[in-house]
Amino acid sequence: MKKLLLTTAAVLVLAGCSSLPQAPALQALYDFGPQPSFEQRQADPARTAIETQAPLVLAGIRTSGLPDGSTPIFYRLAYADAQQLRPYAQARWARPAAQLIQQSLYTQLSDGRAVLEGQSGVVRALATGANPAMLRLDVEEFSQVFSDTATSQGLLRLRATLTEVTPRGEKWLAQQVFTVQRPAPTPDAAGGTQALGAATEEAGRQIDAWLLRQGR
């Protein structure tokens, strides 16, 4: 009888332990990985001329297509409800998406030209007597889009506006929308972040080429 009571008590203790709240699973944190060291482009007349001009000022990136300070990794199910932007439950960006995009583009655009950031950059450039170009970027879409349950793309769409800053104000120069998609290697957050990082890198190359065509 004593042995039976001890066995029953042990079962009750184990049952009680199983009913305790479980620690929440840790969220996986993602960024774009180590930034590649971009090879110096071969000298050509267009780039040599750019390097001798006033610096480019990169304004803080705006995210009209994302909540401010957003760290969730978003995806869309194009085959089910493409209008709904869904966040992954157990994964997020290590920093706000706008900061990751800004850092990646700054690294690329500063390869071959002087790039300053924000209003302080404008002040510094004007103090030297130069009229810098200002590049404003507005992210309209930054998500993993599933065409079916196994196939997805990292989609980045942003609007670039280029102006010239003078002591009297800004002069509009050009504007263009860049839309870049890159395939995700896996249908999950890990694959989506790889695809979005690759899309951001390609957008940087396209914006760099566009700026060169504008003589910046």
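Buried residues are those under 20% relative accessible area, exposed ones are over 50%, and the rest are partly exposed (1.4 Å probe, protein chains only). By that rule Y75 and F146 are both buried. The structure is a predicted model, in which local features need pLDDT of at least 70, side-chain atom pairs count only at pLDDT 80 or more, and totals for chains, interfaces and linings use all residues. Residues are numbered from 1 along each chain as its sequence is written, and side-chain values use heavy atoms, with hydrogens and water left out.

Confidence comes next. pLDDT is the predictor's confidence in each residue, from 0 to 100. Its mean over the protein chain is 83, and 80% of the residues reach 70 or more. Helices (H or I, at least four residues) and strands (E, at least two) are DSSP runs, numbered from the N terminus. Among the elements of the chain, α1 (residues 2-18) has the lowest mean pLDDT, 46, while α5 has the highest, 97.

Just after α5, G215 takes a positive phi of about 75°. Within the helix lies D208, which counts as buried because its relative accessible area is 4%. The side chains of D208 and R113 are joined by a polar contact of 2.8 Å. Such a contact is a pair of N or O atoms within 3.5 Å; within protein, one must be able to donate a hydrogen and the other to accept it, and residues adjacent in sequence count only if both atoms are side-chain atoms.

A nonpolar core is a set of buried Ala, Val, Leu, Ile, Met, Phe, Trp, Tyr and Cys residues joined through side-chain atoms within 4.5 Å. The largest one has 38 residues, and L135, L137, F142 and I207 have the most contacts inside it. Its largest share, 7 residues, comes from α5. L135 touches, among others, L56, L109, L162, I207 and W210, residues up to four places away in sequence not being counted. A second, separate core of 7 residues includes V57, L116, V122 and M134.

Rings of Phe, Tyr and Trp (its six-membered ring) pair if their centres lie within 6.5 Å; planes under 30 degrees apart count as stacked, over 60 as edge-to-face and the rest as tilted. The count comes to 6 aromatic pairs. F32 and W93 form an edge-to-face pair, 5.6 Å centre to centre with 85° between the planes. F32 is in the loop between β1 (28-30) and α2 (45-51), W93 is in strand β4, and they are 61 residues apart. Both F32 and W93 are buried. Y75 and F146 also pair edge-to-face, at 6.0 Å and 80°, linking strands β3 and β6 across 71 residues. F32, W93 and F142 form one aromatic cluster.

G60 lies in the loop between β2 (56-58) and β3 (72-77). G60 counts as exposed because its relative accessible area is 51%. Its C-alpha is separated by 6.0 Å from that of G118, 58 residues apart along the chain.

Notes
Contact means heavy atoms within 4.5 Å.
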